[in-house]
Amino acid sequence: MTSTSANTAKANSSCTPRTHDDVDDSKSFVVAHLSDPHFARVDQINKGDLFSKRFFGYLRWKLKRRLEQSPELLTILHKDLQRTKPDHIAITGDLTQLSLPAEFTAARDWLQTIGTPEQVTVIPGNHDTYVKTLWDQTLFHWLDYMLADTQSQQGGSITSLDELFPTLRIRKRIALVGVNTARPSAVHLATGSVGEGQLKKLETILKQLDGQRLFRIILIHHPPIPGVVSWRRSLTDAPALQAMIERYGAELILFGHAHKTAHGGLATPAGLIPAIGVSAASSLGGSDERRSRYYLYTITPSAAAWLVHMDERVFAPALHQFVAGRQLELTIPAGSR
């Protein structure tokens, strides 16, 4: 994150010194956030696949993306996650490049190396719904990593993202709310939407969480804040989602999609809360803000607020490994304490 982002964070969250009496480290929980790994298997594309939007995605990959993204980074990232040992890993979409069946299985195999479905939460991105696909050949492969806690016994009966989302997973005092914005879009567009049906179900979840003394993290692919991406890549019903969060609250919003770091804020009943985006996990990065990284959030309850320490882990090309980057201290209003 840039110094401008750090200043924005201070504006969005009250930063106060910590004392021993305020913090009980034994209650801390560490969430790792990464996004957009983009597993590509374009060598397995067939002629029939090219009679669709995939043709333009294939060209974009051949001409640009294959030079910007490295699958080797995902192996290096995996090793770094083994060192940092977060309690939970959240992945905010675009695990595939062209929604090819082989890409879904490659992503599944990688997911199984970094953690169990209990330890890893996945939401889809627009590249994971690049075109309409057969459920059992694609998104079904990750179903266990997307299921809500209450859906774990009925996973086999779910056959679409509309049935699945929004999701709620509770890990100790952390409530992970998964929101799906991935929809097939027209050529040259990468827009997303929550949709009226999902918004209604999301309202029920946020009402349920109100007053439960949980740290609510909303996981979403498309940025829910303005100014991060162009209209061609935007969340079309962002105002409706913003209004819901303003009414019912959350503590943290995590997103991907932009392939760069981003930091803003959203209004809640308890005040402004951070909305933070991360660069693509497989990106070699032509600029620092676009280089592969992930964030570690150490979340600790205190008497009056949630104390959040954010550690950046960023890929260092010269060292061929992930190293410590910037750190940020946040004090999040205790909206549901």
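**Salt bridges, cores and backbone of a predicted model**

Let me begin with one side chain: Arg-108 has a relative accessibility of 22% and therefore counts as partly exposed. On this scale, buried means under 20% relative accessible area, exposed means over 50%, and partly exposed lies in between, with a 1.4 Å probe and protein chains only. The structure is a predicted model, in which local features need pLDDT of at least 70 and side-chain atom pairs count only at pLDDT 80 or more, while totals for chains, interfaces and linings use all residues. Residues are numbered from 1 along each chain as its sequence is written, and side-chain values use heavy atoms, leaving out hydrogens and water.

Arg-108 forms a salt bridge with Asp-109, at 3.1 Å from N to O; by salt bridge I mean a side-chain nitrogen of Lys or Arg within 4 Å of a carboxyl oxygen of Asp or Glu. Asp-109 is also partly exposed, at 38%. Across the whole structure, 15 salt bridges are found. One of them joins Asp-80 to Arg-83, with the closest N and O atoms 3.1 Å apart. Both residues belong to helix α3 (residues 71-84), three residues apart, or about one turn of the helix. Is Asp-80 buried or exposed? Asp-80 is buried, at 0% relative accessibility. Elsewhere, Arg-291 and Asp-288 pair at 3.8 Å, N to O, and Asp-288 is partly exposed at 34%. These two residues take part in a salt-bridge network that also links Arg-293, Glu-312 and Arg-326.

I turn to the overall architecture. The protein has eight helices and twelve strands, taken as DSSP runs (H or I of at least four residues for helices, E of at least two for strands) and numbered from the N terminus. Of its 337 residues, 56% count as buried. The C-alpha trace spans about 65 × 45 × 35 Å along the principal axes. Among contacts (heavy atoms within 4.5 Å) between residues at least 6 apart in sequence, 70% join residues at least 24 apart.

Next, the interior. In soluble globular proteins, nonpolar side chains tend to be buried together. A nonpolar core here is a set of buried Ala, Val, Leu, Ile, Met, Phe, Trp, Tyr and Cys residues joined through side-chain atoms within 4.5 Å. Which residues touch the most other members of the largest core? They are Ile-91, Leu-111 and Ile-217, in a core of 87 residues. Helix α4 (residues 101-114) supplies the largest share of this core, six residues. Apart from it lies another core, of eight residues, including Val-42, Ile-45, Leu-98 and Leu-100. Leaving aside residues up to four places away in sequence, Leu-111 touches Ile-91, Leu-95, Val-120, Val-122, Trp-142 and Tyr-145.

Finally, the backbone. Most residues other than glycine have a negative phi, and most peptide bonds are trans. Phe-165 and Pro-166 are joined by a cis peptide bond, with omega about 0°; Pro-166 sits in the loop between α6 (161-164) and β4 (167-171). Asp-36 has a positive phi, near 55°, and lies in the loop between β1 (29-34) and α2 (54-68). Asp-36 is buried, with a relative accessible area of 0%. His-188 also has a positive phi, near 70°, but His-188 is exposed, at 53%. The loop that holds His-188 runs between β5 and α7. Val-187 is located in the loop between β5 (174-178) and α7 (196-209), and is partly exposed at 35%.
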